[in-house]
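Welcome, and please take a moment to turn the model around before reading on. We will walk through it one part at a time.

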Amino acid sequence: MKKNIAIIDLGSNLTKLVITSGELPLQVIHRSVYNTKTLKSAPKGFFDHQSIGQIESDIKSILEVANQYDCSTYLGIATSAFRTRKNGLQVIQDLNKKFNLQIDIITGEREAQLIYKGAIASTTVDRFPVMIMDIGGGSTELIIANASNILWKQSFDLGSTALTSGLSLSDPLSLNDMEDLKNRLDRHFTDLPQIIQEYTPISFIGTTGAFESFAQMIESSHDNHKPVASNYRYELKKLNEILIRILKSSLQERRDTKGLNPLRVPTVHIAALIFKYVLDIYSFEEHILSLGDVKEGLAGEYLESQL
């Protein structure tokens, strides 16, 4: 049996680890999340010693976990926060040298490609085309695809942290706050209604992160606390109720919400606003959760290259 693969994802809010089997079909063995807050700790376009120290601490924790799972291959990606920070490349080069890793800063287009591969491999979609959405801290990726090809994809610089940059927001969000945020979305998503009408996606997939929390909150409201899995189907009425509730919630109310991962509390209401913006543009026939995203896409691509 081939040894396992560790995939490290240095995101804008969180650092994530996925450990998979070392052969196809891909099996996920372990997932963990670390509260790096990369964008929050480097808001002025530059990683300082404190933020670099937090990233290094997370990587040390990740390597300790990976060693327990007998990993022989380590793959790493860095996304929006590292694309946009002046010293992002230098930080990654220093991390690779210090920890003997190969972490690559990937473009938004590359990120979207890997998200597509991870989501399609992790779900069963009966009706195509499908829109796939990944809401990160620094960027949001949207992909429209059929079962075998991407028809359209774009990475937008408006994640759940980046969207609020420069704004002083109330807690909970005021009506003026929501209007300001929606105006920002309007400016970024100018062509989105036309794109959606051109490709007419039937199904929708939301990948992990906030989408996992939305599903878990729905289930927790029914006193079902079992972790949700890929292929979870959202009931649209319940989904909208959760999105509106979270969007209007205060920080303390989110902390008290059953099913909401504490690491998602600071930004999940902004992710809800971004998601609801898309849902208000277009009506999909089914809404699906994928726990697979860019990390599983990268692992699958690597394994295919070894055949």
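Which residues of β9 point one way, and which the other way? Ser 203, Ile 205 and Thr 207 point one way from β9, while Phe 204 and Gly 206 point the other way. This pattern has a simple background: in a regular strand the side chains alternate between the two faces of the sheet.

Before going further, a word on what you are looking at. This is a predicted model, in which local features need pLDDT of at least 70 and side-chain atom pairs count only at pLDDT 80 or more, while totals for chains, interfaces and linings use all residues. Residues are numbered from 1 along each chain as its sequence is written, and side-chain values use heavy atoms, with hydrogens and water left out. Helices (H or I, at least four residues) and strands (E, at least two) are DSSP runs, numbered from the N terminus.

Back to β9, which covers residues 203-207. Five of its five residues are buried, so β9 is largely enclosed by the rest of the structure. Here buried means under 20% relative accessible area, with exposed over 50% and partly exposed in between (1.4 Å probe, protein chains only). Strand β9 pairs with β10 in the parallel sense over five bridges; two strands pair if DSSP finds at least two bridges between them.

Five of its five residues are buried, so β10 is largely enclosed by the rest of the structure. Glu 286, Ile 288 and Ser 290 point one way from β10, and His 287 and Leu 289 the other way.

Met 131 leads us on to the largest nonpolar core, which has 48 residues. A nonpolar core is a set of buried Ala, Val, Leu, Ile, Met, Phe, Trp, Tyr and Cys residues joined through side-chain atoms within 4.5 Å. Those with the most contacts inside this core include Met 131, Met 133, Phe 189 and Phe 275. Among the elements that give two or more residues to this core are β6 (130-135), α6 (175-188) and α11 (268-281), and α11 gives the most, with 10 residues. Phe 189 is in contact with Leu 142, Phe 156, Leu 158, Tyr 277 and Val 278, leaving aside its neighbours within four places in sequence. Contact means heavy atoms within 4.5 Å.

How do the helices α6 and α11 lie against each other? Their axes come within 11 Å and cross at roughly 55°. Axes are lines fitted to C-alpha atoms, for helices over the stretch in contact, and angles run from 0 to 180 degrees between N-to-C directions. The contact includes Met 178 and Leu 181 of α6, and Ile 270 and Tyr 277 of α11.

Now let us turn to another sheet. This open sheet of five strands has the order β3-β2-β1-β4-β5, with mixed pairing. Strands β3 (28-34) and β5 (103-105) stand at the edges, each with a single partner strand, so one side of each is left without a neighbour in the sheet. Strand β4 (residues 71-78) pairs with β5 in the parallel sense over three bridges, and Ile 77 stands opposite Asp 104 in β5. Helix α4 (residues 88-99) packs on the sheet, touching β1 (4-10), β4 and β5, and its direction makes about 170° with that of β5.

Look next at Leu 17, whose place is in strand β2 (residues 15-20). Is Leu 17 buried or exposed? At 1% relative accessibility, Leu 17 counts as buried. Not counting residues up to four places away in sequence, Leu 17 touches several residues, including Ile 7, Arg 31 and Val 65.

Finally, find helix α5 (residues 108-122) and helix α12 (residues 294-305), whose axes come within 7 Å and cross at roughly 80°. That makes α5 roughly perpendicular to α12. Leu 114 of α5 and Leu 298 of α12 are among the residues that make the contact.

Technical notes
Parallel < 35°, antiparallel > 145°, perpendicular 65-115°, else oblique.
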